Amino acid sequence: MTHRVVKRAAALVMGLCLAACVTTGQYILAPDAKGLVIDTATGQPIAGAEVRYVALEGISPVRTDVDGRFTLDGRVERRTALVLPVSGVYRDATRVQVSVPGLPYGYATVGFINGIRSGPPVEPRPAIYPVIVLMFPADAPETPLHSLMQDCVAGPEQQHALQMVAYLAGLDAAEPPDWLTPDTAEGLQEHLGRALPSSGFMECARMSEAWAMFRRDTAVLWTVRASRQASEAR
């Protein structure tokens with residue numbers, strides 16, 4: 001087959017796809033999610049904290065109840081998109097921000113399944129896991145990871161993530177707190193992976209040391225998740 005024929009065939013396929021693969025449907029901006037806000041200084045839940053989706057503008061935040069728990073309603077919008085043959089549903093994520101008077105902002109990631117869905121309006125899908133938001137004191141000291149990554153991190157969300165890493169390092173994987181389950185461990189891992197991606201460590205002058213400390217200090221999350229696999233294998 002000549003190069004010209006190949007180009008014509010490709011153009012024909014693209015034309016057919018543009019005609020048949022452009023679809024309009026529901027796209028999830030944020031899922032329905034439930035979670036818990038915890039004061040790391042006391043280990044207790046925080047009542048009255050304001051929780052909101054960062055990406056959704058014009059939406060009033062919700063407040064945690066007396067047990068520190070919250071429920072966020074998701075949102076969908078109608079979009080037109082080019083749906084390729086290899087596309088479909090996929091894992092997506094959005095961020096949550098928490099505000100408590102006297103404390104720096106807290107952040108978390110909410111994972112969900114997304115994709116353009118045609119047909120009548122649909123409800124947002126639920127989040128993949130419960131959301132845990134860890135809040136730290138305003139005077140929390142810098143962590144060992146801060147000193148290793150001082151040249152390659154910036155912004156409150158990354159600073160919060162560094163505090164998270166140090167806090168997780170102090171947890172006992174054999175007797176984790178009640179809120180640290182295999183599902184919530186997955187959520188914390190996803191958040192840290194987005195706030196402190198492995199590619200970001202390459203910008204650090206002390207990259208190897210920082211990455212080794214990060215992996216060591218977050219090992220509790222892997223251990224907790226592995227405990228479910230071990231119990232299911234019995």
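A salt bridge is a side-chain nitrogen of Lys or Arg within 4 Å of a carboxyl oxygen of Asp or Glu. Side chains of opposite charge can pair when their charged atoms come close. Keep that cut-off in mind as we walk through this structure, which is a predicted model.

Start with aspartate 217 and arginine 216. Their side chains meet in a salt bridge, with N to O at 3.7 Å. That value counts because the cut-off is 4 Å. Aspartate 217 is buried, with a relative accessible area of 15%. Arginine 216 is exposed, at 53%.

How many salt bridges does a search of the whole structure find? The search finds seven. Some of them share partners. Arg91, Glu186, Glu190 and Arg194 are joined in this way into one network.

Look inside that network. Glutamate 190 forms a salt bridge with arginine 91, and the closest N and O atoms are 2.8 Å apart. Glutamate 190 sits in helix α4, residues 182-195, while arginine 91 sits in strand β8, so the bridge ties together parts that are 99 residues apart in sequence. Is glutamate 190 buried or exposed? Its relative accessibility is 12%, so glutamate 190 counts as buried. Arginine 91 is partly exposed, with a relative accessible area of 40%.

Now move to glutamate 50 and arginine 63. Their side chains also meet in a salt bridge, at 2.8 Å from N to O. Glutamate 50 belongs to β4 (residues 50-53) and arginine 63 to β5 (residues 62-63), so the pair ties together parts 13 residues apart in sequence. Glutamate 50 is partly exposed, with a relative accessible area of 29%. Arginine 63 has 54% relative accessibility and therefore counts as exposed.

A disulfide is another. The count for this structure comes to one disulfide. Its partners are cysteine 152 and cysteine 204, with their sulfur atoms 1.9 Å apart. Where do the two cysteines lie? Cysteine 152 is in the loop between α2 and α3 (156-169), and cysteine 204 is in the loop between α5 (198-201) and α6 (207-217), so the pair ties together parts that are 52 residues apart in sequence. Both cysteine 152 and cysteine 204 are buried. The disulfide also has a handedness. The torsion about the S-S bond is about 80 degrees, so the disulfide is right-handed.

Threonine 143 lies in the loop between β10 (131-135) and α2 (144-148). At 8% relative accessibility, threonine 143 counts as buried. What does its side chain join? A polar contact of 2.9 Å links the side chain of threonine 143 to that of histidine 146. Setting aside neighbours within four places in sequence, threonine 143 is in contact with Leu162, Gln163 and Ala166.

Valine 89 is in the loop between β7 (75-82) and β8 (90-99). Its relative accessible area is 56%, so valine 89 is exposed.

How values were computed:
Residues numbered from 1 in each chain as written. Predicted model: local features only at pLDDT ≥ 70, side-chain atom pairs only at ≥ 80, totals over all residues. Heavy atoms only, no water. Helix = DSSP H or I, 4+ residues; strand = E, 2+ residues; numbered from the N terminus. Buried < 20%, exposed > 50% of the residue type's maximum accessible area, 1.4 Å probe, protein only. Polar contact = N/O pair within 3.5 Å; in protein donor to acceptor, adjacent residues only side chain to side chain. Contact = heavy atoms within 4.5 Å. Disulfide = S-S within 2.5 Å.
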